[in-house]
Amino acid sequence: MAKKFEYATVPLLVHATKQILDNWGQDGWELVQVVPGPNPENLVAYMKRTVSDGGGDS
């Protein structure tokens, strides 16, 4: 059976990027990409994690 993933977009504040990513990583999310946000102080992270057979968290 093929793996299934769920995705999230996460706003990142430049001064707290590591803390934010570490928190998401603790919940099983993997960083896919970071792109510029709406202003210079913000970035947007695209995250993914494997969905179990029982479905993802709601």
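## Elements of the chain

Helices (H or I, at least four residues) and strands (E, at least two) are taken here as DSSP runs, numbered from the N terminus.

Residues are numbered from 1 along each chain as its sequence is written. Because the model is predicted, local features need pLDDT of at least 70 and side-chain atom pairs count only at pLDDT 80 or more, whereas totals for chains, interfaces and linings use all residues, and side-chain values use heavy atoms, with hydrogens and water left out.

## Burial and contacts

Of the 58 residues in the protein chain, 22% are buried, a term that stands for under 20% relative accessible area with a 1.4 Å probe, protein chains only. Among contacts (heavy atoms within 4.5 Å) with a separation of 6 or more, 48% link residues 24 or more positions apart.

## Strand 1 and its partner

Strand 1 pairs in the antiparallel sense with strand 3 (residues 42–50) over nine bridges, where pairing requires at least two DSSP bridges; L12 stands opposite L43 in strand 3.

## The surroundings of E6

E6, in strand 1, has a relative accessible area of 18% and is therefore buried. The side chains of E6 and R49 are joined by a polar contact of 2.7 Å, that is, a pair of N or O atoms within 3.5 Å, where within protein one must be able to donate a hydrogen and the other to accept it, and residues adjacent in sequence count only if both atoms are side-chain atoms. E6 also lies 6.2 Å from V51, C-alpha to C-alpha, although the two are 45 residues apart in sequence.

Key. Buried < 20%, exposed > 50% of the residue type's maximum accessible area, 1.4 Å probe, protein only.
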